[in-house]
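Morning, everyone. Please have the sequence and the 3D view open, and follow along as I talk.

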Amino acid sequence: MTSPVRGRLAVLLAAGLLLAGCGGSGGSSGTAVSQAGSTHDHGSAASVQSDDGGSYAGIDLDPPYQRPQFTLTDTTGAAWDFATATKGKPTLLFFGYTHCPDVCPTTFADIAVALRDVDPSVAAQVQVVFVTTDPARDTPPVIREWLDRFDADLPTPFVGLTGDQPALDQAQLSAGVPLAQDGGQTHSALLLLYGADDEAHDAFDAGNTPKDIASDIEKVVAGS
């Protein structure tokens, strides 16, 4: 029988979306890796087509991903149980690192634009969670300062999480994304959107726009 994690990774493989290698130092390739092992320019990170004829502007996940269960440390230094804290709430989840020069800041800028484009009452219901893949450099204060660049004027502050490597690995496996490599610099490019049913029927990659994210947030919140 196929395990849930293997099933989730199969979805990523079928979509051609695995890991995005952020540019910069540390031996990162600056490319996204596809199923066939070929590479794509990191500016377009994953070769998934958003207009796939599905229900969402983003990437339809069939079967949907279950809301993961993991506990990490938030930027105040407190334990933060993802499943409990976000249960039943529209939630965006992304794994990356603050020193990333391209995919991570672009993704969070897109999220911020999308949340400013929707009605404030909609934006207030959405929890955005960032999990670092680079715990050595991403201390809680570093993560908080980075997130505040994007969420300063939004109704719900973004949550930043870190932990030891085994805990971060478990979080990624629980979410059904590939484990980060190269010291965290090659990481999943998938932005997962969970709904009130605690499932992610929808996700985004670098090929999606803030308009796509805003449209799907409105759809998911309306179904809450």
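Let's start with the sheet. Eight strands form an open sheet, and the order runs β4-β12-β11-β7-β8-β9-β5-β6. The pairing is mixed. Remember the general rule: strands of a sheet pair through backbone hydrogen bonds, either parallel or antiparallel. One caution before we go on: this is a predicted model.

Which strands stand at the edges? They are β4 and β6, the latter covering residues 79–81. Each has a single partner strand, so one side of each is left without a neighbour in the sheet. The sheet also twists, by an average of 35° from one strand to the next.

Now pick out one pair. Strand β7 is residues 91–96, and strand β8 is residues 127–132. They pair in the parallel sense, over six bridges. For an example, find L93: its bridge partner in β8 is V129.

Next, the helices. Helix α3, residues 103–117, packs on the sheet. It touches β7, β8 and β11, and β11 is residues 191–194. The direction of α3 makes about 165° with that of β7. Helix α7 spans residues 210–222. It lies across β7, β11 and β12, where β12 is residues 199–204. Its angle to β11 is about 20°.

Let's zoom in on α3. L115 lies in this helix. Is L115 buried or exposed? Its relative accessibility is 5%, so L115 counts as buried. What does L115 touch, beyond residues up to four places away in sequence? The answer is A123, V126, V128, L154, F158 and I217. Look at I217 in that list. L115 and I217 are 102 residues apart in sequence. In space, they are 8.4 Å apart, C-alpha to C-alpha.

Last stop: R67. Where does R67 lie? It is in the loop between β4, residues 59–66, and β5, residues 71–74. R67 has 9% relative accessibility, and therefore counts as buried. Its side chain makes a polar contact with the side chain of T91, at 2.9 Å. Another polar contact joins the side chains of R67 and D198, at 2.6 Å.

Find the eight-strand open sheet. Find L115 in helix α3. Then find R67 in its loop between β4 and β5. Thanks, everyone.

Definitions and conventions:
Residues numbered from 1 in each chain as written. Predicted model: local features only at pLDDT ≥ 70, side-chain atom pairs only at ≥ 80, totals over all residues. Heavy atoms only, no water. Helix = DSSP H or I, 4+ residues; strand = E, 2+ residues; numbered from the N terminus. Buried < 20%, exposed > 50% of the residue type's maximum accessible area, 1.4 Å probe, protein only. Polar contact = N/O pair within 3.5 Å; in protein donor to acceptor, adjacent residues only side chain to side chain. Pairing = 2+ DSSP bridges. Axes fitted to C-alpha atoms, helices over the stretch in contact; angles between N-to-C directions. Contact = heavy atoms within 4.5 Å.
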